[in-house]
Amino acid sequence: MIADLLLVAAMLIVALASMLARQAFTAVALFIAYGLLLTLAWVRLAAVDVAMTEAAIGAGLSGVLLLGAVRRLATQASPPPEQPPGPAMTLLIALGCAALAAALGAVVLLLPNPAPSLAAPVAANLPATDLGNPVTGVLMSFRALDTLLESAVVLLAVVCVWALTPEGGWGGVPGAAQPVQRDGPLALLARALPPLGIVIAMHILWVGADAPGGKFQAAAILAAMWLLPWMAGLVTPPPIAARWLRWTIAIGPVVFIAIGLAGAVIEGAFLAYPPGWAKPLILIIEFILTASIAVALALLVIGTPDTAQRR
Amino acid sequence: MGMLPMLAVMLPVLAMVAAVPLGARGAERLTLAVLPIGLALSIVIAVIVQLTQAPILYHLGHWAPPLGIAFRADGLSAAMLVTTAIVVAAVAIFARADFGTASGAPERRQAFAFWPLLLALWAAINLLLVANDLFTLYVGLELLTFAAMPLVCLDGSRATLEAALRYLMFALLGSVLYLLGVALIYGAAGTLDIVLLRERVTADPPVILAIAVMTAGLLAKTALLPLHLWLPPAHAGAPAAASAILSALVVKGSFILLLRLWFGVMAAVPLPDAAQILAGLGATAILLGSVAALRETRLKLLVAYSTVAQIGYLFLMFPLLAAVPGVSDIAAKAWTGGVVQAVSHAFAKAAMFLAAGIMAARFGHDRIAELGGAGRAMPVTLLTFALAGLSLMGVPPSGGFAAKWLLLSAAIGAGQWWWALVILGGGLLTGGYVYRVLASGLRSGGAAVPMSTPVTWRRDGMALGLAVISVALGFLPLAAFGLVQVGQLDLAP
C-alpha cells in the first residue's frame, strides 16, 4: 500500500517535472523515467503484458524517437519564438485543464465497482484458440481485426516518414551517417548486446502464446538490436528503394490479411481459424509480423534519407 | 452477402499494404485496378440494404459482440460507401497527371507516397462507415489521420509542413480525447459495441463526460468552428487531388462517427441542450466561414473556407433530431437532410477543389482577382466550378437544394425557425463568394490571358462529372433518400 502510494507520488512528480522542464532534453529524460514508473504501475496492477509494452514502446521506442528529435532540433537554427499566451489566457487554460482533471477523477470514482468486464467470456472462450495467454487470445482471435489494422498503421507510419524525404534524397540510404565508434561503451554494447537481445526477443515472442509477451514487445527489442550497431556506425541501413526492404515491412500485414481471407473462404468468417489450426496459424502470423514490425520500428527511428551527406 | 462490408474495408487495406513494395508505378496500376472492384462492392451493398431495408451484419472471426467485433452496414454506411468510392475513383484518375509514373521513369517521392496514402484514406473511411465497435473506430481514426497528414505536405514546402504539423496537433488531440471517452464507456458499460451500448448506457456522469470529451475530440477532427483553424491552410496547401479528398471525405469520417455516438450509442438518451450548442457552433461556422470565403483573395483558400461553412450545415440536424426523438416525420427529414448534405457536399467540394486546381495549374497562381480570361480559355473548368457552386448554394434542382430544403422544413416543423434563417442566410453568402469567382473568371483576360498549357480532357471530365453528380442528386425521387433511414438506431423501437 505504502509502496503504491510512493509510486503514484513519484509518477505525479516526474510527470509534472517533465512538463515544467526548461530544456527539451531534460523533459524527454523525465518522460522516459515516467514511462518506466508507469511500467511498474502496470506490474502492480498485474497487467504484465501492458507493462512490457509500456516499457518497450512507451518508454523505450518513444524515448529514442524523442531524443532523436531533440538532437535534430539542437543542430538547427531555432525558429522565432511564438507569442506566448497572456496571463489571462494562461489562467484560463490552467483552469480548463484543472476542471477536466477534476471531472475525470470524480467520474472514475463513480464508475461501477466491480467494473463490468469481459474477462469471464474471454476465459470461457480461450480454449477454442488453443492459447494460454488471454491477452494474446484477445489480440489474435477475438479482436484480431484491430491488431491487423494496427500493423497496417505501422507500415503507413513508415510511408509517412519517407514522404518527408528532402528533395534529391529519394531512394537513398535513410538516416544521418553515424560516426564509427571504435571503442567506448556504445561500440562494446553494439557488439555484445545483439546476440543476447535477439535470443531474448525470440523468447518473448515464443512464450507470448501462453505467458505475457508477444510480437510488439519482441519487435521493439529486435529493432533496438539493429539500432545499436547502426548508432555505433557498424552497419549501414539498406537504401529505401530496395525492394526486399519494402517487402520485409509489408509481408507481415499481407500474410495476416491472406490468412484472414482464407478463414473467410474456408470457415465463412474473416479471421476465423479452422478448428485445431488456431495456434499454428497465430504463431505463423506472429513470427512474420514480428519481423515486419521490427524493421518498420527501426526505420521510423532511422528516419528519412539525408541528402546533404549522401549524394 | 454479409462479407461485403468486410471486403469493402479489406480490399483497400490489402492494396495499400501491397502498394508499398510494388513501388510508385505498380501502386498506381494496382489502385486503378481495385477502384472498379471497390465501387462495385459499395453499389451492391447499397442495393442490398435498399432492397432488404435492413442493415448488413457481420461478425469477424465468428465472435459475436461483446467479445468480438461486428461490422454493421446500414443505410448511412451504404450511401457514404458509394459516395466515397466514386470520389476516390474520380480523384485517382485526376491525379494520374500529377502522380503517375511513366514506364521506365525513376520513382519519385510524391508518386511513391500518394497512392498508398489514397488507398489508406479509402480504407479508413470505409472502416469508419461500417465498424460497429468504438475501439475499431478509433483505429479507423488513426488510419485516417496518418493517411491525411502527409497528403497535406506532399509538396514539401515549409508552409505546407507547418500546416500539416498544425493539423496533426489538432487531430492527435482529438484522438486522445476520443480514446479517453472510449475507456470511460468501457468502464461504465463493459462493451464497446454500439448496438449493445444503445441498450446499456444511461445518463450517468461517466457516460456524459465520455460523450462530451469524445464529441470535443471529434469536433477538432471535423473542424467545426472554433476548432477549424487548422483546416484552411491544410486544405488549401495540399495538391489539388489531395485537397479534394480531404475536404470532401476526410472531415466526414469523424462526423459520421459523431452521428454514431449521438444517435447510436446515445440513441435512448437525447441531449437537446447540448445539441442546441452544437448547432449554434454550426450556425456560427456557416456565417463566419462564408464571410471569410467572401473576403478571401486566393481561390484555394476560398474553397477551403467554404468547407468550414458547409461543415456547419451538418450540425443543424442535431437539435432537430434531439427535439423529436423516436419515429417522426421531422426527425426523418432532419436525418435525411443532414446525410444528403454530407453526400452532396462531398461531390460538390471535390469538384470545386479539382476545378480550382486546374485553374491554379493553368494560371500559375490562384489569385481570384487575376482569373480574367478563364471563361474563354477553360470554359469546362469554370462550368464545373459554377455547377458545384450552385449545389453548395442550394439552388434547385441540386443535391445541396434537397439537403437544405429538408433541413429547413425540419427546422420549421420542429418549431426551431432560427435555424431556417441561418440556412437561408448561408445560401445567400455562398452565392456571393461563388459569384465573385465566376465574375472574375468571365472577365476578358486583357494582359493576363493565361498561357495555354495542356489541360487534359480527362482532368476536366473528372471534375465536371463530380459536379454533375452533386447537381443530379436533386433529380432523385424523394423515395431514393429512404435508403439513409435504414437501420437507424434512434428510430428502432
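Student: How many other C-beta atoms lie within 10 Å of that of Asp130(A)?
Tutor: Asp130(A) counts as partly exposed, a class between buried (20 or more other C-beta atoms within 10 Å of its own) and exposed (12 or fewer), with C-beta atoms placed from the backbone. This is a predicted model, in which local features need pLDDT of at least 70 and side-chain atom pairs pLDDT 80 or more, while totals for chains, interfaces and linings use all residues. Residues are numbered from 1 along each chain as its sequence is written, with chains lettered from A and ligands numbered from 1 in the order in which they are written. The count for Asp130(A) is 19.

Student: What is the phi of Asp130(A)?
Tutor: Most residues other than glycine have a negative phi. Asp130(A), in the loop between helix 5 and helix 6 of chain A, is not a glycine, yet its phi is positive, about 60°.

Student: Where is Ala46(A)?
Tutor: Ala46(A) also has a positive phi, about 65°, without being a glycine. It counts as exposed because it has 8 C-beta neighbours inside 10 Å. Helices here are DSSP runs of H or I with at least four residues (strands: E, at least two), numbered from the N terminus. Ala46(A) sits in the loop between helix 2 (24–44) and helix 3 (48–75) of chain A.

Student: How many residues of helix 4 of chain A are buried?
Tutor: Helix 4 (residues 87–110) of chain A spans 34 Å from first to last C-alpha, close to the expected 34 Å, which is 1.5 Å times one less than its number of residues. The helix is hardly covered. Among its 24 residues, the buried count is 0.

Student: Which residue is joined by a cis peptide bond to Asn113(A)?
Tutor: Most peptide bonds are trans. In this bond omega is about 5°.

Student: Which element gives the largest share of the side of chain A that touches chain B?
Tutor: In this interface, 46 residues of chain A are in contact (C-beta atoms, placed from the backbone, within 7 Å) with 45 residues of chain B. The elements giving two or more residues to the chain A side include helix 4, helix 6 (134–142) and helix 10 (243–266). The largest share, 13 residues, comes from helix 7 of chain A.

Definitions and conventions. Two residues are in contact if their C-beta atoms, placed from the backbone, lie within 7 Å.
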